[in-house]
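Here is a brief report on one protein model.

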Amino acid sequence: MKIFFSGIGGSGVSAIAGFMADKGHTVIGSDRLFDECPGHPVRKRLEANTVRIVPQDGKGLDRTFSFAVFSTAVEQSNPDFLKGQELGIVIKSRPEYLSEIVSAYRTIAIAGTSGKSTTSGMLAFLMHSLGMSPNFIGGGRVKQFKTEKNPGNYASGTSDYLVIEACESDGSIVQYRPEYTVLLNLDLDHHSVGETGMMFEILTDNTSGIVLLNADDWNLKVCKIRDAITFSIEKASDYQAVDIRYFPLRTTFQVYGQEFALALPGRHNLYNALACIAVLAETGIALREIAAVLPDFSGIERRFDIHLDNGKYLVIDDYAHNPHKIQSLMQTMQGISKKVCYIFQPHGFGPTRLMKDGYITTFIEGLRDTDRLMVLPIFYAGGTAAQDISSADLAVPIKSSGKDVLAVIDRGSVFAALGDYEAYVVFGARDDTLSDLAEEIAARCNCAN
């Protein structure tokens with residue numbers, strides 16, 4: 001097939017595009033990000049994998065394409081979309097096309113409002129390490145899948161298994177018909193808890209095989225979900241972790257007497273690991289075999305990504321962007337450092353408006369007297385969203401509660417705080433340049449050591 005991808009630079013679309021190129025198809029794509037930044041690393045990796053990148057001006061499309069796939073971030077007024085319509089090319093959204101791919105494989109769908117990227121990547125890595133040769137289409141970049149041709153967000157295996165990150169943001173998960181579904185948790189993110197819960201119910205109804213869910217999650221308990229295999233930390237379940245020991249940057253635990261070691265910190269990552277253990281065990285893999293490869297997983301880029309740990313300063317980059325993710329991040333940091341500077345960039349005006357109250361509550365509850373929060377300007381990736389909320393709308397009520405918080409006008413303001421804290425945590429979604437900020441902080445802290 002010959003496939004055109006518009007918005008190919010995004011994490012979801014680039015994964016599918018790379019996956020299809022690896023399967024031998026002709027892939028051509030465009031992205032306004034690449035128009036603005038021709039040397040972007042994702043572009044370089046796509047091109048190294050035979051993908052041809054063209055300007056997002058509509059001129060790259062012609063009638064020789066089998067169909068065109070559009071990111072949900074690409075407006076219908078975009079030149080690519082208008083040209084596709086003019087030529088009569090079959091147009092599919094990224095979610096629509098992913099649902100077609102899902103139906104062609106024995107798909108394991110990882111769903112939940114937090115932890116999808118880490119869990120799907122971890123599961124794909126473990127299956128790969130166990131010789132299962134899985135296919136994988138994710139959102140996050142698995143560090144150990146990353147090559148000069150692959151950003152790390154997909155893998156092309158020889159088996160009929162496919163692991164996907166089943167995101168609820170656009171509602172498309174109700175179209176998926178996987179063989180396995182994993183529900184990690186349910187909280188406020190792109191939609192209300194009730195709306196997302198209904199999507200999860202439909203997804204599990206559409207699942208032909210096994211449903212696995214977190215028995216400790218209160219919101220999942222109210223969902224009408226048929227008999228499921230469960231995993232947990234607190235409640236009795238089919239796969240419960242016991243004898244848990246949390247260390248600053250790792251965790252050990254047991255399941256059915258088998259000792260496991262996880263090279264990632266925090267309770268949230270333990271849940272992610274338990275989900276993977278449950279899936280693999282249900283496919284017939286022995287716990288001892290899973291335990292042998294679990295310590296090798298080094299994580300996902302921008303998920304508790306350590307840029308510096310020199311004994312004096314710790315600098316971390318993370319994707320946390322909703323209240324639940326931020327709460328998990330802060331709880332983990334409380335077990336590591338007594339004095340943390342959090343640097344948060346809200347992602348988009350719509351999401352910030354939706355989660356404003358949750359953000360405020362989470363930061364008021366999570367910030368200690370020794371911590372500081374710096375809120376960067378809201379990330380804007382273009383589009384027509386109403387810009388009627390600002391970082392100050394978060395900072396002011398948090399500050400009124402007695403917490404140390406500052407809404408800054410640019411990233412340069414962050415550097416004034418360097419040296420005052422033991423740990424610096426940069427976090428937010430969608431903007432990869434936050435990693436650059438974390439790297440700059442790490443470099444300056446290292447020089448000051």
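## Sheet, helices, pocket and cysteines

Leu183 stands opposite Leu213 in strand E11. The model is a predicted one. Strand E10 (residues 180-183) pairs with strand E11 (residues 210-214) in the parallel sense, over four bridges. Strands of a sheet pair through backbone hydrogen bonds, either parallel or antiparallel.

Both strands belong to an open sheet of eight strands. The order is E8-E7-E9-E6-E10-E11-E12-E13, and the pairing is mixed. Strand E8 (154-155) and strand E13 (239-240) are the edge strands. Each of these pairs on one side only.

**Helices across the sheet**

| Helix | Residues | Lies across | Angle to E9 |
|---|---|---|---|
| H5 | 94-103 | E6 (106-111), E7 (135-137), E9 (161-165) | about 150 degrees |
| H6 | 116-129 | E6, E7, E9 | about 160 degrees |

Tyr97 sits in helix H5. Is Tyr97 buried or exposed? Tyr97 is buried, with a relative accessible area of 4%. Beyond its neighbours within four places in sequence, Tyr97 is in contact with Met1, Ile3, Phe5, Ile16, Met20, Phe67, Val69 and Lys92. Ala416 is 319 residues from Tyr97 in sequence. In space, the two are 47 Å apart, C-alpha to C-alpha.

**The second largest pocket**

The second largest pocket has a volume of about 250 Å³. Its lining counts 13 residues. Nearest its centre lie Pro323, Gln327, Thr361, Thr362 and Glu365. Helix H11 (323-334) and helix H12 (349-366) each supply at least two residues of the lining. H11 gives the largest share, with six residues.

**Cysteines**

How many disulfides does the model hold? With sulfur atoms required to be within 2.5 Å, the count is zero. Cys447 is in no disulfide either. For Cys447, the nearest cysteine sulfur is again that of Cys445, 9.4 Å away.

Accessibility sets Cys341 and Cys447 apart. Cys341 is buried, with a relative accessible area of 0%. Cys447 is exposed, with a relative accessible area of 71%.

Technical notes: Residues numbered from 1 in each chain as written. Predicted model: local features only at pLDDT ≥ 70, side-chain atom pairs only at ≥ 80, totals over all residues. Heavy atoms only, no water. Buried < 20%, exposed > 50% of the residue type's maximum accessible area, 1.4 Å probe, protein only. Pairing = 2+ DSSP bridges. Contact = heavy atoms within 4.5 Å. Axes fitted to C-alpha atoms, helices over the stretch in contact; angles between N-to-C directions. 1 Å grid on protein atoms, 1.4 Å probe; cavity = no way out; pocket = protein on both sides within 12 Å on 5 of 7 lines; lining within 4 Å. Points joined across faces, edges and corners; volume = space filled by probe spheres on them.
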